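Colleague: Please take a close look at one helix for me. Start with the whole protein, then zoom in.

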Amino acid sequence: MLHISKKNISLNPKNILSIIKKYNTPIWLYDAEIIQKKINQLNKFDIIRFAQKACSNIHILKFIRSLQVKVDAVSLGEIERALLAGFTPHNDEIIFTADMFDKETLNRIIELNITVNAGSLDMLKQLGKISPGHRVWIRINPKFGDGHNKKTNTGGENSKHGLWNPELALPIIKKYKLNLIGLHMHIGSGVNYIHLQKVCHSMIQYSILLNQNIQYISAGGGLSIPYKSTDSIVNTNHYFKLWNHTRNIISNYLGYKITLEIEPGRFLVGESGILITQVYSIKYVYKKIFILVDAGFNDLIRPAMYGSYHHISVLPYNGRNIKKSKKIKAIIGGPLCESGDIFTQDNTGEIQERILPEVKIGDYIIFHHTGAYGSSMSSNYNTKLLIPEILFKNNIPQIIRRKQTFQELFQQEMDIKNNSIFENQDI
């Protein structure tokens, strides 16, 4: 677990207080060294492909690319982000994964000749009609799934992702002379080894069933991180051995060696980030204590959406020794006009109390392991501004996103000068 009391990481109290003094709160902080260490843990895989939806800041993408990691894009915006970060369609540095196309995205993919990982038959038809011969993967739904929350389950009959009957893709691929190069399978985030073995077995079965001259298989993502001190840490060597064994069986069947990809998102960046907030109000409601901070679920939505747990630390604003403070049970909430704007709840939406040192107004509340699906899922709800992001590299802080301004937020609406189109119309 990441704790701010450690001195051998960039995200220590001295650095945090220095950043707060310059940029105020709330703010995202990341440690590049942690990202690099996580990448190194997966270096046995032939290709590491970052699922950028987890953390899509262009500067973090640039850093990840410098470590020879490729990237996955799931939207036109993510394609454009990847290009700005220096990724190119050459050598499949960018692959587009989705279950449908819109026209603008399809046209841009064809223009750039980006390889497509198709999750539907319609995608193959639409791509093949315009770009015969295009390089494609197919994403397979193995008819089962898993995940730390039902909303993160990406396999089985309740999932919209992937092909239920991938053999139906073969006539379409043949008709349009599409170049099928890989098979992809991902059943959800936070998968365990029992489910992983099922995925590996399913990949072997489908590779034999389809019997195509593929060049790649993808292990997908889903590698977990320890949000709680009691969470087990994924054994990446064991993870690789399972998938490498799978790759070898498929390679022996096909008669040549195929390439093994892995597609981590959370695993690479989750533990690298923290969200720093400040306490502005302490409310006593019947027998409960509510601590209200200046970040809301517009910033970090995981607790409200999934009931996700994030370890919480308290950093006193006045330097007092909180180790000697009495313990309290408290609920942490944000400033939004929403009852659900609570950071301490379970996956049913029930409010949870956390045991914390006694907190005072002005103290800083730190949410740990927010590097994945933190900033990338933030919004302007309640007309709140997107907050700054800072990346520590070699213990030197670099601002990688400044705070949004109200002018930037309102500009798209203010640019509309003529509202006469709405006059005398029933809208």
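Modeller: This is a predicted model. Of the 427 residues of the protein, 55% count as buried, where buried means under 20% relative accessible area. The accessible surface comes to about 20,700 Å². Carbon and sulfur atoms account for 50% of that surface.

Now the overall build. The protein has 12 helices and 17 strands. Its radius of gyration is 23 Å, close to the 22 Å that the globule rule gives for 427 residues, so the protein is as compact as a globular protein of that length. Along its principal axes, the C-alpha trace spans about 70 × 65 × 40 Å. Take the contacts between residues at least 6 apart in sequence: 69% of them join residues at least 24 apart.

Now zoom in on helix α9. The helix covers residues 236-254, which makes 19 residues. From its first C-alpha to its last, α9 reaches 26 Å. That is close to the 27 Å expected at 1.5 Å a residue.

Look at the start of α9. There, a side-chain oxygen of N235 reaches to within 3.1 Å of the backbone nitrogen of N237.

Next, follow the buried residues along the helix. T236, Y239 and F240 are among them.

Finally, see what comes after the helix. α9 is followed by G255. The phi of G255 is positive, near 90 degrees.

Technical notes
Residues are numbered from 1 along each chain as its sequence is written. This is a predicted model: local features need pLDDT of at least 70, side-chain atom pairs count only at pLDDT 80 or more; totals for chains, interfaces and linings use all residues. Side-chain values use heavy atoms; hydrogens and water are left out. Helices (H or I, at least four residues) and strands (E, at least two) are DSSP runs, numbered from the N terminus. The expected span of a helix is 1.5 Å times one less than its number of residues. Buried means under 20% relative accessible area, exposed over 50%, partly exposed in between (1.4 Å probe, protein chains only). A polar contact is a pair of N or O atoms within 3.5 Å; within protein, one must be able to donate a hydrogen and the other to accept it, and residues adjacent in sequence count only if both atoms are side-chain atoms. The radius of gyration is taken over C-alpha atoms; the globule rule is 2.2 Å times the number of residues to the power 0.38. Contact means heavy atoms within 4.5 Å. Accessible areas come from the Shrake-Rupley method with a 1.4 Å probe; for residues, only the protein chains shown count as cover.
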